[in-house]
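User: Could you take me through the annotated binding site in this one, and what sits around the ligand there?

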Amino acid sequence: MTTLLIQDQLHRPMRDLRISVTDRCNFRCSYCMPKELFGDDYAFLPGSELLTFDEIRRLTRLFVSLGVTKIRLTGGEPLLRRELPVLVQGISAMGGVEDMGLTTNGVLLGQQAEPLYAAGLRRLNVSLDALDPELFGKMNGRGLKSGIILQNIDHAVNTGFEVKVNMVVQRGVNESEIEPMARYFKEKRITLRFIEFMDVGNDNGWSFKKVVTKKEILERLQSSFEMEALGHSYFGEVAERYRYKDNGAEVGFITSVSESFCSSCTRARLSSDGKFYTCLFASSGLDLRALLRGGADDASLLKAIRAVWEQRSDRYSDERTEQTARSRTKIGMSYIGG
Ligand SMILES: Nc1nc2c(ncn2[C@@H]2O[C@H](COP(=O)(O)OP(=O)(O)OP(=O)(O)O)[C@@H](O)[C@H]2O)c(=O)[nH]1
Ligand SMILES: C[S@@+](CC[C@H](N)C(=O)[O-])C[C@H]1O[C@@H](n2cnc3c(N)ncnc32)[C@H](O)[C@@H]1O
Ligand code: SF4
Ligand code: SF4
């Protein structure tokens, strides 16, 4: 299939596809799946509503033919999707896919790191918000202690994966973990990325006051470590990188709130039930599953995807103010694929 490069209204190409393979999760992080949005019973999609692997592969191939080269598997918790390595193998063997990564809470990596590696996956981003076992147990809503995630990170590294760690920092919740986390992963030479707390659901407890900005975190780190700025390594990279001068380990900052990066946003998103979203904060998406299951051929699917991207003008993080925050999306990170 030949590649056609397309651009949106702000001249941004479509380079990345973030695929949510399930909306389910074995954690209940309040910043992501607030009770107020999900209710006590956390109703998830029935299996029949999820895209099948064949459907995901077919759509991925079409996205690749429109310029996507980078795939990220996410969720919900992607390791809960049965037989995930089968999907990984299909995508890693696909022409035009230059990079594939997976974002996970790491709980199931003990069993799954090896089959995923064998299927061709090489990069893992593991979320971990605290080293302190009690605090981590509270933050994940399930009481699971941090030790198991740390063990699984070591196991993934030993399996051969390039691993990065994601930490969402919330004032008054886990800001005391900034230095311990930095020290621990510096010694391990694993890149730790600090993520500014975002307003992603109806009520995930977000307010500007709870955001610990990159500036503040960097100042705290610089009082203990000498660091040099590396910037972004390619157009559209979400994290801004810094290096410790003494041992070459890196940290990253994902500054969606204090320094938004919409002008270089090349990310398309496919939800687990097959909706195509052009922004993490979008409130509606194109129902590709309905088109697929209605018998649409490749040409009409391509036309529909292209039309949506060419109309795209999303720049939610650039436009957000305290007042507009939380009024846009009614969906939530775990569904849309964070
Ligand atoms: N506001 C905003 N946040 C994003 C976007 N893409 C990713 N993030 C956030 O960045 C954090 C880290 O994302 P990851 O899933 O690790 O992916 P990544 O950082 O693109 O991965 P790499 O390819 O390893 O750089 C998550 O909290 C995401 O929700 C985006 O387009 N907009
Ligand atoms: C939605 S999760 C899905 C993948 C997997 N379950 C995990 O936790 O890594 C993807 C990323 O989004 C981040 N995230 C979720 N809610 C967030 C919020 N309100 N602000 C910033 N990042 C958030 C998580 O910390 C995680 O790194
Ligand atoms: S951040 Fe990841 S682990 Fe936490 S609730 Fe959301 S999907 Fe689950
Ligand atoms: S807010 Fe939307 S447009 Fe801006 S970087 Fe995030 S996903 Fe892209």
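Analyst: Here's a walk through the annotated positions, then the ligand shell.

This is a predicted model, where local features need pLDDT of at least 70, side-chain atom pairs count only at pLDDT 80 or more, and totals for chains, interfaces and linings use all residues. Residues are numbered from 1 along each chain as its sequence is written, while chains are lettered from A and ligands numbered from 1 in the order in which they are written.

The unreviewed UniProt entry puts its "binding site" annotation on Tyr31, Gly76, Ser127 and Met198; such annotations may be inferred rather than shown by experiment, and positions follow the numbering used here, with feature names shortened.

Take Gly76: you'll find it in the loop from strand E2 (70-74) to helix H3 (84-92). Helices (H or I, at least four residues) and strands (E, at least two) are DSSP runs, numbered from the N terminus. Gly76 counts as buried because 28 other C-beta atoms lie within 10 Å (buried is 20 or more, exposed 12 or fewer, partly exposed in between, with C-beta atoms placed from the backbone). Beyond four places in sequence, its contacts (C-beta atoms within 7 Å) are Ser20, Thr22, Asp23, Arg24, Cys25, Ser272 and Ser334.

Met198 sits in the loop between strand E6 (191-196) and helix H8 (214-222), and is buried too, with 23 other C-beta atoms within 10 Å. Again leaving out residues up to four places away, Met198 touches Trp206, Ser256 and Val257.

Met198 also turns up beside ligand 2: 20 residues surround that ligand, the closest being Cys32, Ser127, Asn166, Met198 and Gly338 (near means a C-beta atom within 6 Å). Strand E3 (99-104), strand E5 (162-169) and helix H12 (333-336) each give at least two residues to this shell.

Terms used
Contact = placed C-beta atoms within 7 Å.
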